[in-house]
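Q: Can you walk me through this one? I have not seen it before.

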Amino acid sequence: MTRIRPLLAALLVWLTGHGGTVPVLAQGSTAAHVHGEARLELALDARGFEVRIWIPMESLIGYERAPRSAQEIRDYESAIDRLRTTDGVMRPSTGAGCSGRLLELIQPDWATVSNGHAEMAIAYRFECSEPARLAALELILFDRFSRLRRIDARLVDQKGARAQRLGRRARVLKIER
Ligand SMILES: [Zn+2]
């Protein structure tokens, strides 16, 4: 639970940068989101970067309620397992020598989903042996989740925040230093 606080801090950054939309990330369970669209924030630092993603459950499993049948439960667990490692989710520039790991994955608390919407919040940490060669991050999770059409990304570093819009055919987040 100690990781929730930085995630919430990131959400506040997100909120202040996105006047208008008001996603509510309570245990990753409810949100005013657009189906098919995820939000991503990449924070660069000297040794690598952290990535946080908020994805509507609709875009992961096709619905936003607790899984019911045995098949739904299997599919749900499978979707979560795919997000536990960075391998099938995102791929940094190979020359940068980055290795990533899951920091936190917040599943919806179905008991508190009240507005019919639920999303997953995920945070990863990448450490890079050659961070200066980090030029891009390819979002390969588009391959795994066919309902996901768009990712609204924000790149944050000392210079500030820059927005990029990614899609199924433009899935590379450019990292400029
Ligand atoms: Zn929804």
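Predicted model: local features only at pLDDT ≥ 70, side-chain atom pairs only at ≥ 80, totals over all residues.

A: Residues are numbered from 1 along each chain as its sequence is written.

Q: OK. Which strand does β1 join, and how do they run?

A: Strand β1 (residues 37-44) is joined by 7 bridges to strand β7 (residues 150-157), and the two run parallel. Strands here are DSSP runs of E, at least two residues long, while helices are runs of H or I of at least four, and both are numbered from the N terminus. Two strands pair if DSSP finds at least two bridges between them. R39 has D152 in β7 as its bridge partner.

Q: And what does β7 do with β8, parallel or antiparallel?

A: Antiparallel, over 8 bridges, with β8 covering residues 160-167. D157 has G160 in β8 as its bridge partner. The two strands form a hairpin, with 2 residues between them.

Q: Switching topic. How many residues are in the largest nonpolar core?

A: The largest nonpolar core has 38 residues, and L42 and L173 have the most contacts inside it. Such a core is a set of buried Ala, Val, Leu, Ile, Met, Phe, Trp, Tyr and Cys residues joined through C-beta atoms within 7 Å.

Q: Which elements give two or more residues to it?

A: They are β1, β2 (48-56), α2 (57-61), β4 (98-106), β5 (119-128) and β7. β5 gives the most to this core, with 6 residues.

Q: Back to L173. Why is it called buried?

A: Because L173 has 21 other C-beta atoms within 10 Å. The cut-off for buried is 20 or more within 10 Å, exposed is 12 or fewer, partly exposed is in between, and C-beta atoms are placed from the backbone.

Q: What does L173 touch?

A: Leaving out residues up to four places away in sequence, L173 touches L42, A136, L137, L139, A153, L155, Q164 and L166. Contact means that the C-beta atoms, placed from the backbone, lie within 7 Å.

Q: Where is L173 found?

A: In strand β9 (residues 172-174). An open sheet of 3 strands has the order β3-β6-β9, with antiparallel pairing. Its edge strands are β3 (91-92) and β9, each pairing on one side only.

Q: How many bridges join β6 to β9?

A: 3 bridges, with β6 covering residues 136-138. A136 stands opposite K174 in β9.

Definitions and conventions. Contact = placed C-beta atoms within 7 Å.
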